[in-house]
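Subject: Structure handover

Hello,

Here is the structure I promised you. Please open it beside this email and follow along.

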Amino acid sequence: MKQAKEREPAMDNSFTRRVQAAAAAGWWAILILALWMIVAWILVVVLLSKEPQWVLKLLGGQMTWPTLRTVYVWGFAAMKLMLWAFLTVVIWLTLWGRRLRKAD
């Protein structure tokens, strides 16, 4: 006769709720960051098309427009990579929270 497989104790519900709350907070943070990046990108495009001199003076007067364009492009590329990494973590948290809920 085969022995019945012993069941492992269920995870603590508070831990499951915390994982799900972290995932929900992460999704809100991603939404806010994505909206902020869209608004910032629109402002950058407007500034780069107009090339107002006050922007260069605000940055100390040492920078040129081609250099500023390069800084903007690299800055937004870095922010998009960070957003991608954060998105990956939040997706993982969401899937983990669902798996924990099913295990209970």
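Start with helix α3, residues 65-103. Helix α3 has 39 residues and reaches 57 Å from its first C-alpha to its last. That is close to the 57 Å expected at 1.5 Å a residue. The expected span is 1.5 Å times one less than the number of residues in the helix. Helices here are DSSP runs of H or I with at least four residues, strands are runs of E with at least two, and both are numbered from the N terminus.

A word on the source. This is a predicted model, where local features need pLDDT of at least 70 and side-chain atom pairs count only at pLDDT 80 or more, while totals for chains, interfaces and linings use all residues. Residues are numbered from 1 along each chain as its sequence is written, and side-chain values use heavy atoms, with hydrogens and water left out.

The chain averages a pLDDT of 90, and 88% of the residues score at least 70. Among the elements, α2 has the lowest mean pLDDT (93) and α3 the highest (95).

Now the overall plan. The chain has three helices and zero strands. Along the sequence, the pattern reads α-α-α. Of the 104 residues, 21% are buried. Buried means under 20% relative accessible area, exposed means over 50%, and partly exposed lies in between (1.4 Å probe, protein chains only). Take contacts between residues at least 6 apart in sequence: 73% join residues at least 24 apart. A contact means heavy atoms within 4.5 Å.

Which residues of α3 are buried? They are Trp-65, Leu-68, Phe-76, Met-79, Leu-83, Val-90, Leu-93, Thr-94, Gly-97 and Leu-100. Their cover includes α1 (13-50) and α2 (53-58).

Next, α1. This helix has 38 residues and reaches 56 Å from its first C-alpha to its last, close to the 56 Å expected at 1.5 Å a residue. Its buried residues include Thr-16, Val-19, Ala-23, Gly-26 and Ile-30. Met-37, Ala-40, Val-44 and Leu-48 are buried in α1 too. The buried residues of α1 pack against α3. Keep one rule in mind as you look at the spacing. An α-helix has 3.6 residues a turn, so residues three or four places apart point the same way.

There is also a nonpolar surface patch of about 610 Å². Trp-28, Leu-31, Leu-35, Ile-38, Ile-42 and Val-46 make it. Patches use residues with over 30% relative accessible area and no salt bridge; like charges are joined within 9 Å, and nonpolar side chains (Val, Leu, Ile, Met, Phe, Trp, Tyr) within 5 Å. Leu-31 sits in helix α1. Leu-31 is partly exposed, with a relative accessible area of 42%.

Last, look at Glu-51, in the loop between α1 and α2. Glu-51 has a positive phi of about 50° although it is not a glycine. Most residues other than glycine have a negative phi.

What does Glu-51 form with Arg-69? The two form a salt bridge, with the closest N and O atoms 2.3 Å apart. Glu-51 lies in the loop and Arg-69 in helix α3, so the pair ties together parts that are 18 residues apart in sequence. A salt bridge needs a side-chain nitrogen of Lys or Arg within 4 Å of a carboxyl oxygen of Asp or Glu. By this rule the count is one. Glu-51 is partly exposed at 32% relative accessible area, and Arg-69 is partly exposed at 30%.

Best wishes

Technical notes. Accessible areas come from the Shrake-Rupley method with a 1.4 Å probe; for residues, only the protein chains shown count as cover. pLDDT is the predictor's confidence in each residue, from 0 to 100.
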